[in-house]
Amino acid sequence: MRDLLLIALYAFLGAGAVGLLGALALRILRRRSVAVSLAVVAAVAVSAMLAGTLAVAWAMFLSSHDLAVVTMVVAMAAAVSLATALLLGRQVVRRCRELLGAARCFGERGTFTAPLVPAPAELAALSDELSRTSERLAASRGRERALETSRRELVAWISHDLRTPLAGLRAMAEALEDGVVADPARYHRQMCTEVDRLNSMVGDLFELSRIHAGALSLSPARMSLHDLVGDALAGADALAREHGVRLAGEDVVPLPVEVDGKEMTRVLSNLLVNAIRHTPADGTVAIAAERRADSVVLSVTDACGGIPEEDLPRVFDTGWRGTAARTPPSGAGLGLAIVRGIVEAHAGRADVRNVSGGCRFELTLPAPAG
């Protein structure tokens with residue numbers, strides 16, 4: 001037993017010395033090719049075995065013939081190990097260079113094309129992750145282009161919509177100043193109307209800027225959808241009467257929701273105003289609510305005749321106003337964008353789809369716990 005322990009000790013000391021030298025070599029060569037590191041690892045493995053064998057042979061006083069035989073066997077094993085390590089290292093380096101070339105093209109062209117040749121699992125996983133990153137970047141660029149387009153449209157439309165009432169105000173002010181107005185009171189009423197229109201547009205712009213900046217502060221509270229809808233219907237009743245549109249929604253189920261009452265009232269008001277303006281006289285705008293799984297769905301249905309299918313994905317975009325027939329006389333294409341922003345701030349979703357004779361806007365909100 002004592003002899004076995006001595007043999008193990010000598011073998012450990014010889015192999016340990018080589019292992020320390022190998023660790024030092026790997027540290028020095030850590031910035032070199034992976035093929036060099038693999039060659040060092042193979043050399044250390046074989047050299048550690050040789051060193052341990054020689055230490056044991058020296059301690060056991062083996063004959064020179066036996067020692068030469070052992071050394072020859074270990075040397076052959078070292079040659080084969082080094083050749084295998086170099087071959088593996090060369091393959092890994094080639095795959096790394098192919099992946100590096102694909103990544104370089106990714107940086108230049110913005111799209112990543114994975115190498116077709118088989119690669120080790122780690123490099124294949126890296127290639128897959130780069131492919132997914134390329135897809136996410138492409139989607140992000142698409143959204144950025146769409147957002148930039150909507151911003152340009154918004155600037156153009158806002159400029160036009162602001163210029164019209166400002167020009168009217170200036171003309172009326174000059175007429176009043178020159179004293180050529182037969183009915184000044186009518187001009188004053190019209191000026192107040194134009195000022196209210198401008199104030200509404202500026203308010204929408206401010207609200208939208210808060211949503212985009214993530215500065216929309218919510219104060220959610222538990223309330224009934226019946227009360228929320230009732231307030232919104234009361235606020236839109238005068239406009240509905242003016243356009244000859246019927247409002248339906250008094251029998252909304254009193255489902256509980258946890259929302260910011262002020263902001264959600266604005267959402268419903270925007271949807272109702274939008275629906276009333278696009279519904280012909282004697283038409284009906286209806287609000288309904290229902291429970292679906294873990295959510296509450298609130299819908300506003302109008303009789304506008306429907307929205308072209310190609311326009312449906314853009315309905316909630318900033319500045320979108322659709323065809324000329326659907327352009328409200330005092331809108332800037334901000335109301336529905338505000339609707340989506342507020343609903344998403346409540347962890348909900350805003351959707352629109354065509355139904356018979358019109359379209360339906362659906363707000364999906366998370367149902368309160370309990």
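Does arginine 353 count as buried, partly exposed or exposed, and at what relative accessibility? In this predicted model, arginine 353 counts as partly exposed, at 37% relative accessibility. Arginine 353 forms a salt bridge with glutamate 362, in which the closest N and O atoms are 3.2 Å apart, and glutamate 362 is buried, with a relative accessible area of 9%. Both residues belong to a network of salt bridges that also links Glu290 and Arg292.

Arginine 266 is partly exposed at 25% relative accessibility, whereas glutamate 207 is buried at 4%. Arginine 132 pairs with glutamate 129 at a closest N and O separation of 2.8 Å, and these residues, three apart in helix α4 (residues 121-178), are separated by about one helical turn. Both are partly exposed, arginine 132 with a relative accessible area of 41% and glutamate 129 at 35%.

Helix α7 (residues 261-278) also packs with helix α6 (residues 225-243), their axes coming within 9 Å and crossing at roughly 30°; the two helices are therefore roughly parallel to each other, and the crossing is right-handed. The contact includes Leu228, Ala232 and Leu239 of α6 and Met264, Leu268 and Ile276 of α7, and its residues divide into 12 nonpolar, three polar and one charged.

Methods:
Residues are numbered from 1 along each chain as its sequence is written. This is a predicted model: local features need pLDDT of at least 70, side-chain atom pairs count only at pLDDT 80 or more; totals for chains, interfaces and linings use all residues. Side-chain values use heavy atoms; hydrogens and water are left out. Axes are lines fitted to C-alpha atoms, for helices over the stretch in contact, and angles run from 0 to 180 degrees between N-to-C directions. Helices (H or I, at least four residues) and strands (E, at least two) are DSSP runs, numbered from the N terminus. Angles under 35 degrees count as roughly parallel, over 145 as roughly antiparallel, 65 to 115 as roughly perpendicular and the rest as oblique. A crossing is left-handed if the near helix is turned anticlockwise from the far one by less than a right angle, and right-handed if clockwise. Contact means heavy atoms within 4.5 Å. Ala, Val, Leu, Ile, Met, Phe, Trp, Tyr, Cys and Pro count as nonpolar, Asp, Glu, Lys and Arg as charged, and the others, Gly among them, as polar. A salt bridge is a side-chain nitrogen of Lys or Arg within 4 Å of a carboxyl oxygen of Asp or Glu. Buried means under 20% relative accessible area, exposed over 50%, partly exposed in between (1.4 Å probe, protein chains only).
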